[in-house]
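Subject: Structure handover

Hello,

Here is the structure you were waiting for. My notes on what was found in it follow below.

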Amino acid sequence: MEKSEVIEKQNLFRKKIDEAQVVLVGIGEEFNEGFEDIGKFSLLMTALEEVDTNPTLEWIVPFLEKCYIEQHNEGRLVEAYRKLYDIIKDKDYFIVTTCIDENIDKAGFDRERIVEPCGSYRALQCSAKCTEDLTLPDDFVELMQQALLDGVGLDSLERPVCPLCGKPLAFNNVLCEKDYAESGYKPQWEKYTQWLQRTLNKKICLIELGVGMGLPSIIRWPFEKVAYYNEKADFFRINEQLYHMTKELEEKGISIGKNAVDFLNAIE
């Protein structure tokens, strides 16, 4: 995409958001945390090296990822979230994201306007899903961080287990696969559906940011349906590869063939 075309699309992006009464944002795979900067955190790298030499400690890797997420407050992903926040913060918005990494929390968005159907690293669940009850990981994370600071081996830590059945606890996200407990996101999903019902006759700007075909039933297909039935809709699909619109949405849709993170970060 030529630079002049990118600038034109950026200006149109801002214009349609400014004109909209409500803004619906979907955030997908291009925003997934890749942990590329983990080398900047020496204690975490030391811990990962210990795991490499002792595979029985692999269970602790998600907790190390949690530490990284809490400590890594910069980078292109966080910058893009902050840019998006500056653009939509004064609008009536809602965000649906398939990302589980919590980077969105570093930009200032209202948590009551976000739903994460794939879960996150905020809470732990029973890995066997003997219960839908969730628990916070803070106590164990603090113990682990102290162990890292003190230089003691990670094998000194006891794996957190479910108080009901004794099975290991796992982070409440889709990495639990078939045993993922959906109780964590369902209250927010209800708020989202109620908000969406109120947008039917309003001028809406739908924005897909880096949404692929991994989980199309969460964002991609529902957004297409909203855009199709709302006569006042404008629909941005921003993706490096999967940016094409369906034929039915060609008049309402704006396709931008650029990585969504890079697109936002380039906006002046």
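A residue is called buried when its relative accessible area is under 20%, exposed when it is over 50%, and partly exposed in between. Glu 116, with a relative accessible area of 8%, is therefore buried. Please keep in mind that this is a predicted model.

Salt bridges

The whole structure contains 20 salt bridges. In one of them Glu 116 pairs with Arg 111, and their closest N and O atoms are 3.0 Å apart. Arg 111 has a relative accessible area of 29%, so this residue is partly exposed, whereas Glu 116 is buried. Both belong to a network of salt bridges that links Asp 105, Arg 111, Glu 116 and Arg 122.

Another salt bridge joins the side chains of Asp 110 and Arg 113, at 4.0 Å from N to O. Asp 110 is partly exposed at 35% relative accessibility, and Arg 113 is partly exposed at 24%.

A further salt bridge is formed by Arg 220 and Glu 208, with 3.7 Å between the closest N and O atoms. This pair links distant parts of the chain, since Arg 220 is in helix α7 (residues 220-229) and Glu 208 is in strand β6, 12 residues apart. Arg 220 is buried, with a relative accessible area of 7%, and Glu 208 is buried at 1% relative accessibility.

The sheet

β6 is also part of an open sheet of six strands, in the order β3-β2-β1-β6-β7-β8, with parallel pairing. The edges are β3 (114-115) and β8 (253-256); each has a single partner strand, so one side of each has no neighbour in the sheet. Strand β1 (residues 22-27) runs parallel to strand β6 (residues 204-209), and six bridges join them. Val 23 has Cys 205 in β6 as its bridge partner.

Helix α1 (residues 3-19) packs on the sheet, where it touches β1, β6, β7 (233-238) and β8, and its direction makes about 140° with that of β7. Lys 9 lies in α1 and counts as buried at 15% relative accessibility. Apart from neighbours within four places in sequence, Lys 9 is in contact with Ile 254, Ser 255, Ile 256 and Phe 263. Helix α6 (residues 186-197) lies across β1, β2 (92-97) and β3, at about 135° to β2.

Helices around α3

Which residues of helix α3 (residues 61-71) are buried? They are Phe 63, Leu 64, Glu 65, Lys 66, Cys 67, Tyr 68 and Ile 69. These buried residues pack against α2 (42-53), β4 (119-126), α5 (138-150) and β5 (169-173).

The axes of α2 and α3 come within 11 Å and cross at roughly 170°, which makes the two helices roughly antiparallel. Leu 44, Ala 47, Leu 48 and Val 51 of α2 meet Val 61, Leu 64, Cys 67 and Tyr 68 of α3. The residues of this contact are eight nonpolar, no polar and no charged.

With α5, the axis of α3 comes within 10 Å and crosses at roughly 85°, so α3 and α5 are roughly perpendicular. On the α3 side the contact is made by Phe 63, Leu 64, Lys 66, Cys 67, Glu 70 and Gln 71, and on the α5 side by Phe 140, Val 141, Met 144, Gln 145 and Leu 148. The residues of this contact divide into seven nonpolar, two polar and two charged.

Regards

Notes: Residues numbered from 1 in each chain as written. Predicted model: local features only at pLDDT ≥ 70, side-chain atom pairs only at ≥ 80, totals over all residues. Heavy atoms only, no water. Pairing = 2+ DSSP bridges. Helix = DSSP H or I, 4+ residues; strand = E, 2+ residues; numbered from the N terminus. Contact = heavy atoms within 4.5 Å. Axes fitted to C-alpha atoms, helices over the stretch in contact; angles between N-to-C directions. Buried < 20%, exposed > 50% of the residue type's maximum accessible area, 1.4 Å probe, protein only. Parallel < 35°, antiparallel > 145°, perpendicular 65-115°, else oblique. Nonpolar A, V, L, I, M, F, W, Y, C, P; charged D, E, K, R; others polar.
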